[in-house]
Structure formats: C-alpha cells, structure tokens
Amino acid sequence: MELKNLSKSFDGYQAVRHVDLQFYEGEIFALLGGSGCGKSTLLRMLSGFELPTEGSILFNGEDVAKVPPYKRPFNMMFQSYALFPHMTVEANIAYGLKQDKMKKADIDARVNEMLKLVHMEEYRTRKPDQLSGGQRQRVALARSLAKKPRLLLLDEPMGALDKKLRGEMQLELVDIIKQVGVTCVMVTHDQEEAMTMADRIAVMHAGEILQIGSPHDIYEYPNCRFVADFIGSVNMFDGTIADEEPAFVVIDVPNLDAPIYIDHGISGPGGNRHVSVAIRPEKMRMSAEKPDEKYNWGKGIIDDLAYLGQHSIYHILLPDNQFVQITQTNDNRRERPFELEQEIYLHWTPDACVVLEE
Amino acid sequence: MKALTPTWYKLRQSAWLKPRNGVIAIPYLWLLLFFLVPFIIVLKISFAEAQIAIPPYTDLITYANDQLSINLNLGNFVWLFNDDLYFSAYLSSIRIALVSTLLCLLIGYPMALAISRAPASSRNVLLLLVILPSWTSFLIRIYAWIGILKPNGYINNALMAMGIIDTPIVMLHTDFAVYVGIVYAYLPFMILPLYANMMKLDHSLVEASSDLGASPVTTLFKVILPLTKAGIIAGCMLVFIPAVGEFVIPELLGGPETLMIGKILWEEFFNNRDWPVASAVAIIMLALLILPIMWFDRYQNKQMEQQ
C-alpha cells in the first residue's frame with residue numbers, strides 16, 4: 001500500500017500537499033495533527049469519499065484513487081460510528097456482507113464471529129440507540145472488520161468517548177486489530193492516543209507530513225520545532241554554534257549561564273550557526289547548589305509550581321523572560337524539595353539535547 | 001396562627017391558570033371556535049331536511065303545542081348510500097388524490113434529496129424557487145394552466161410548430177389536466193417536509209453504506225428511504241388530504257367526466273341549494289380523511305416513544 005505525491009485542493013486551498021507514504025502489512029499507522037492539518041482529507045481520499053487532485057493511491061501496484069468507495073476493499077470506522085439507527089446490531093454488522101451477495105448461512109456465521117470478537121453477543125438484537133458509547137464503538141469496529149478489509153481506516157476512534165473509557169478502549173481496540181492482523185490507518189489529534197495505539201506515527205501540519213517514525217523516535221528525535229512542540233512539552237533554547245567538531249558541539253545560549261555541550265556531531269545546519277536546542281521537561285534536573293560543571297546548566301527562579309501527586313511541574317523563570325518547564329517525580333513523601341520564588345540551578349546531561357533547525 | 005392563603009394566590013397556583021397552559025389555550029380556543037363549532041353546525045344541518053326558506057333547512061329541535069321534539073333525519077345519509085353518484089365520486093376523489101400524491105412523491109423526493117445535498121450557499125435559493133410560485137394567487141396559477149393546456153395553448157402550439165403533431169392534443173378538461181394541476185399545486189407541500197427530514201439525516205450514514213460496499217441505488221433503498229420515512233408520510237398526508245377535497249382544480253381543469261367530491265359538494269350547496277345533503281357529503285368526507293390522519297398520529301407517537 002503506497003501513496004505517491006498525493007494532493008487535494010478545495011477551491012484553491014491546498015488541504016493535502018504532495019504526500020508520499022507507505023503502509024506496511026499489519027501495522028497500525030497514525031496520522032497525527034491539529035485540526036485543519038489535512039489528516040482527515042487524507043483519510044477520506046483513502047476511503048474514496050474525496051478524489052485526489054493529484055497523485056495516486058497504489059494498492060498491490062494498482063492505482064485505486066478513482067475507484068468509488070463501494071468498490072474498495074477498505075472499510076472505515078467513522079468518528080460518530082455512523083451505525084444505521086433503523087437496524088439492529090446484527091443487521092448493522094451483516095450490512096456489508098449482504099452487499100457481497102454472500103449466502104445467508106455464511107453471513108450468520110461471520111456475524112457471530114464478529115460479535116464474539118468484540119464481546120457483544122448479548123446485544124445482537126438491540127438498536128444502536130439502546131447501546132452505550134463504548135458498546136457502539138465495538139459494533140462499529142465489528143461492522144468495519146466484518147468484510148475482512150485489506151485496510152481498516154479509523155477516524156478519530158476515541159473522539160466520541162469520554163476520557164475514562166478512552167484508556168480502556170484504546171488498548172482493547174489495538175488488541176482486536178492485532179488479533180485480526182489487519183493493516184490499519186487511524187487519524188487522531190490526540191498524541192497520547194496515537195502513541196498508545198500506533199506502531200508508526202506521521203505528524204502532519206498544513207497539509208504536509210513533517211515526520212514519520214515510531215512513537216519513541218518522534219518523541220526523542222523530533223526533526224523540527226513543530227514536531228518537538230506538538231508531541232509533549234519541550235523547552236527550546238535559541239543559540240549560536242560556538243564550536244563544531246565531528247564528536248561534539250558547543251552552543252552558546254544567551255539565556256543560560258553555561259554553554260550547551262552535545263556529545264555528538266550534528267550534520268544539520270550547514271553554515272547556519274543559529275540553532276534551537278530542545279530539551280524535554282523530564283530530562284532536566286534542579287538543584288539548590290551551583291553544579292560543578294563547565295557546560296549544560298543555568299540559573300533561574302521558581303515562578304510557579306504545580307503539585308500533581310505523582311510528579312510536580314515547575315515553571316522556572318530565566319533571564320530575558322524565558323520560561324522553562326521541568327517535571328520531577330515526587331519519589332520522597334516528606335520533603336518538598338523546592339519552594340516558590342527559590343533561586344535554583346537547572347542542569348541536564350549532554351544526551352538530553354536535540355538540535356533543531358530554525 | 002394558621003397562615004391564610006389569599007384566594008388570588010390559590011387561583012394562580014391552580015393548573016388552569018398557569019402561564020404555560022395559557023399559551024396552549026390560545027390554539028385550542030382557535031380550533032374550538034373555527035373547527036369544532038362549524039363542524040357541529042354542519043353535523044346539525046346534515047340531520048335536517050331541506051326546505052325552501054332562509055335558512056334552507058329545517059330545525060332539529062322544535063317546540064310546539066307543549067311538545068319538545070327532536071327530529072333527526074337520516075334520510076340524507078341514506079340518500080348518499082343509495083345513489084351511486086356519491087359513492088363513485090368518493091372513490092374517484094380518493095383515486096385521483098392517491099395517484100397525485102404518488103406522483104408528487106416520485107417528483108418531489110429526488111428534488112428534496114438534491115436540494116438537501118446541494119452546497120449550503122445555493123440551498124436557500126433552490127428552496128425559495130420551490131416556494132416562490134405560491135406567492136401568486138392559487139387561482140391565477142391554475143388559470144395559467146388553462147392557457148398552457150388548451151387546444152391552442154402553448155404546449156399544442158409548440159408541438160405543432162415543431163411538426164410533431166398535426167391536430168391539437170386534447171389535454172384541458174380531462175383527468176390528465178387535473179393530475180397536472182394537483183401535482184403542480186401541491187408539490188411544495190411534499191418537498192418541504194421531505195427536505196426538513198433529509199436535512200436531519202446524518203450524511204456519514206450514507207458514506208458508511210457506500211464504504212460497506214453498497215451501490216448508490218442500494219444506499220437509497222436501504223438507508224436513505226427508511227430513515228426519511230417520517231418525511232415521506234408527512235409529505236403524503238399534506239398532499240393527500242387537501243387533494244381529496246380539492247374543488248378549484250377539477251372545476252377549472254377537469255372535464256365533465258371528472259368526478260370529485262369537492263365538485264359534488266359545490267353543486268349540492270349552490271346549484272341544488274340542498275344544504276342537508278351537502279352537509280352529509282362533507283361529514284362522510286371528513287370521516288374518510290380522519291382515518292389516515294389518526295394512523296399518522298399513531299405512527300408519530302410510536303416514533304416519539306422510540307426516541
């Protein structure tokens with residue numbers, strides 16, 4: 001399954017720009033991005049509800065971009081589930097099978113199999129409005145899997161569920177999808193959901209794919225400021241390269257008291273000496289005493305402190321009004337290590353930093 | 001000391017005088033005044049006997065010689081059942097109304113679907129085009145059809161100019177013209193409830209059907225039609241009920257063989273001045289129409305219960 005140079009414009013506005021993508025057999029692939037980034041349009045082109053302006057969708061080497069949705073071997077689970085309100089759970093699941101002119105006995109067998117898969121056997125004769133949100137989602141999943149699609153499309157799968165149910169359903173959904181072994185493309189704006197469910201994530205912004213990688217890659221090695229910012233929280237330091245060697249880099253940052261030292265070479269900004277350094281909040285440490293190091297520390301004042309139980313979030317004010325976020329695990333019951341307005345030193349290890357281009 | 005509740009306060013607390021009931025009372029009062037009272041008057045006349053006087057019917061209750069007598073004359077109804085004319089007029093009215101309703105549905109359903117699927121910007125314009133003709137007088141619009149359908153009217157002239165026909169087709173004063181008139185006049189009443197119903201239809205259901213392998217035709221019959229059932233029924237009621245009693249269209253466009261109960265009613269009232277028989281005709285027509293209305297009401301209640 002491959003997308004080549006796929007573009008879509010609406011009245012001159014380019015919603016999706018020249019996307020190249022490959023899906024691997026049996027993986028769960030997440031398209032992650034804010035609203036209006038083109039992720040839904042991309043999904044609707046895959047399902048056939050939108051015609052691409054340009055480019056092709058190759059499935060087994062065949063371009064299916066212009067094939068109408070009812071002739072594609074792909075099935076979609078809609079954000080609102082789109083269960084037929086006038087049909088029972090059974091009839092909803094059987095709907096797609098009936099279109100294939102399957103024998104009644106085969107349809108019944110397949111419906112039973114699907115009901116069992118999603119643990120909804122007792123609800124077979126109910127109508128959708130007699131089901132809870134989570135149950136509806138199971139039926140919607142069963143319906144979209146009933147035809148053994150070659151590609152399962154999920155549109156904001158947890159969008160219609162309340163927060164508590166989401167966590168449970170995310171894992172259960174992954175369980176069922178992996179059990180069936182279907183290749184799955186999902187669209188979501190929730191990074192936590194993407195990271196929990198997907199094997200690979202593509203971060204989209206303004207119609208383009210910025211980075212594709214495993215959840216770990218995208219979090220630890222973002223390739224640009226947008227991705228670093230979009231996935232989790234991050235502290236950015238703007239600076240200039242003071243010393244660049246194949247084995248290490250030293251970056252001067254005006255807001256920090258010591259330069260940043262990175263223990264590997266960077267092959268990025270050729271000639272561009274202005275760079276950003278991204279450090280995740282949980283990879284920074286605080287101390288009351290000045291670190292005995294030449295590099296990688298700075299001085300600041302605790303401006304705000306949020307105690308969240310398992311960890312605390314500190315907002316540190318640096319010179320030039322820059323704020324830095326630090327999270328610390330509360331592994332000691334009695335002590336409150338730092339107080340508001342306290343002057344502290346923040347420091348980190350050389351491998352915590354990611355250098356990003358402007 | 002026991003606190004005394006003022007009378008006016010008790011009055012205000014009583015269910016009848018709550019503001020909410022006041023709001024409901026106005027339409028009920030309206031119906032009472034302009035539907036129930038006339039209905040009772042018509043019912044009363046239908047049991048009277050015709051006479052040449054003003055008013056042209058006898059009183060039901062007379063008091064003479066210390067005797068209060070109530071004379072219920074069932075002769076009018078017996079007359080209706082004995083004369084074939086009325087029975088075939090009812091039947092013919094219902095047939096014409098049914099066929100017209102079906103035609104309205106066949107024409108109106110695709111139109112309503114197209115309007116509801118049109119881009120939001122053009123939807124209002126399209127809807128306006130449906131309603132716009134109603135801004136002209138109903139009578140004038142039906143008269144206009146005479147000019148279109150008559151032997152030297154626009155259609156015949158155009159067909160003859162193109163050489164398709166030599167002699168004019170007789171269209172005016174036939175049942176065909178009545179169908180044209182009714183379908184034309186009542187089409188908006190079919191389209192509007194259908195459109196309102198279709199706008200509520202979640203488009204993702206249509207997409208889901210397509211996604212699951214259903215062709216557009218299958219989607220129409222398996223998903224869109226069942227889910228717009230309420231709109232279909234409402235539209236059909238709005239066309240069928242007035243069409244049964246339609247008078248102007250068969251009078252102007254229909255021929256001598258067009259038998260509709262509205263025409264009979266007119267003739268009994270104004271040509272024969274037989275008010276009691278005319279009232280009996282009206283009462284029976286109402287009884288016939290109440291059946292589908294009651295059925296629709298029950299269907300709606302069932303729908304409400306499900307939600």
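Biologist: How many bridges join strand β12 of chain A to β13(A)?

Modeller: This is a predicted model: local features need pLDDT of at least 70, side-chain atom pairs count only at pLDDT 80 or more, and totals for chains, interfaces and linings use all residues. Residues are numbered from 1 along each chain as its sequence is written, with chains lettered from A and ligands numbered from 1 in the order written. Strands are DSSP runs of E, at least two residues, and helices runs of H or I, at least four, numbered from the N terminus; two strands pair if DSSP finds at least two bridges between them. β12(A), residues 249-252, runs antiparallel to β13(A), and the number of bridges is three.

Biologist: Which residue in β13(A) is the bridge partner of Val250(A)?

Modeller: The two strands run antiparallel. Facing Val250(A) across the bridge is Tyr261(A).

Biologist: Which are the edge strands of the open sheet in chain A?

Modeller: The order is β13-β12-β11-β14-β20, with antiparallel pairing. An edge strand pairs on one side only. That gives β13 (260-262) and β20 (353-356) of chain A.

Biologist: Why is α6(B) called oblique to α8(B)?

Modeller: Angles under 35 degrees count as roughly parallel, over 145 as roughly antiparallel, 65 to 115 as roughly perpendicular and the rest as oblique. The axes of α6 (138-149) and α8 (175-199) of chain B come within 11 Å. They are lines fitted to C-alpha atoms over the stretch in contact, with angles from 0 to 180 degrees between N-to-C directions. The label follows from a crossing at roughly 140°.

Biologist: Which element gives the most to the side of chain B that touches chain A?

Modeller: Contact means C-beta atoms, placed from the backbone, within 7 Å. By that rule, 15 residues of chain B meet 16 of chain A. Six of chain B's residues there come from the top contributor, α9(B).

Technical notes. Two residues are in contact if their C-beta atoms, placed from the backbone, lie within 7 Å.
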